[in-house]
Amino acid sequence: MRLDKFLAQSSIGRRKDVRLYIKDGMVKVNEESILEPSTEINELTDVIKYNEKIVKYVEKVYYMFNKPAGCVTATRDKDFKTVFDYFTDVNTNGLFHVGRLDKDTEGLLLLTNDGDFEHHLMHPENHMEKTYFLWAFGTIDDEKIKQLESGLYIGKNEPITKPAKFNLYKQGGYKEFKEQIPVKLLNNIDSEKYNQPVIGAYLTISEGRKHQVKRMLKAVGCYVVYLERVAIGNVKLDKALGRGQYRELSALEVESLMES
């Protein structure tokens, strides 16, 4: 195993960080200082030290988390609950989130201690697809769908969005669907909007720009009031998981994501 991979997998830091540690002379293999991150080591028999402390091999772990609205995707926060606050019965040392979800966005979030896994899923060239379900005020037609799917401008000095997939779920008046939109949103919706048009839809994108889904819908005249990530690649959010619950990914799910 490569030395930088071993250190990243052993929760010393992400791959880009541990490479710097190695080049700065902070790592020893069998008491010999090693400066090359690609050095091959035996993770079971070699003695690896970082800052003069022995580093023990850590097994890779992968979690699927059903993120509730209201918590932030961060290790710690002074004002809000974080996603890690829900992991009360596992050792979160070295665990990090793969990408992030906005505070008010719910759904599928992956956490791991495997830097290679994160790198594969997050690298822009891999075009990892992410599917979201949304409710939004506004109307949709063929022309707007074409814009969303072929690409559109969502911000000054930003390139056009990459091709996306849009699937309309429902369209009609808000009062028709208010029972289906999460109840906690009702307090935030003005009574004047009860007769406004609403759409429910699925949008699949392969980028991760800030507030991208909301900005894409805004660009075609729709205002997102609810957003949930329901899939990453071929892995779908487990419907058996309640908000704030998690489980380990299966070997098949990990393999599917790495092959995507």
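## Salt bridges in the predicted model

E207 is buried, its relative accessible area being 13%. The structure in which this residue lies is a predicted model, and it holds 19 salt bridges.

E207 takes part in a salt bridge with R209, with an N to O distance of 3.1 Å. R209 also forms a salt bridge with E158, where the closest N and O atoms are 2.9 Å apart. R209 is located in the loop between β10 (197-205) and α6 (212-219), and E158 in the loop between α4 (142-150) and β9, so this pair ties together parts that are 51 residues apart in sequence. R209 counts as buried at 17% relative accessibility, whereas E158, at 23%, counts as partly exposed.

A further salt bridge joins E129 and K165, whose closest N and O atoms are 3.2 Å apart. This pair links distant parts of the chain, 36 residues apart: E129 belongs to the loop between α3 (115-122) and β8 (130-137), and K165 to strand β9 (residues 165-173). E129 is partly exposed, with a relative accessible area of 33%; K165 is likewise partly exposed, at 43%.

The relative accessibility of the residues in these pairs is as follows.

| Residue | Relative accessible area | Class |
|---|---|---|
| E207 | 13% | buried |
| R209 | 17% | buried |
| E158 | 23% | partly exposed |
| E129 | 33% | partly exposed |
| K165 | 43% | partly exposed |

Salt bridges also form a network in this model, linking R2, D4, K5, R15, R19 and D116.

Technical notes: Residues numbered from 1 in each chain as written. Predicted model: local features only at pLDDT ≥ 70, side-chain atom pairs only at ≥ 80, totals over all residues. Heavy atoms only, no water. Salt bridge = Lys/Arg side-chain N within 4 Å of Asp/Glu carboxyl O. Helix = DSSP H or I, 4+ residues; strand = E, 2+ residues; numbered from the N terminus. Buried < 20%, exposed > 50% of the residue type's maximum accessible area, 1.4 Å probe, protein only.
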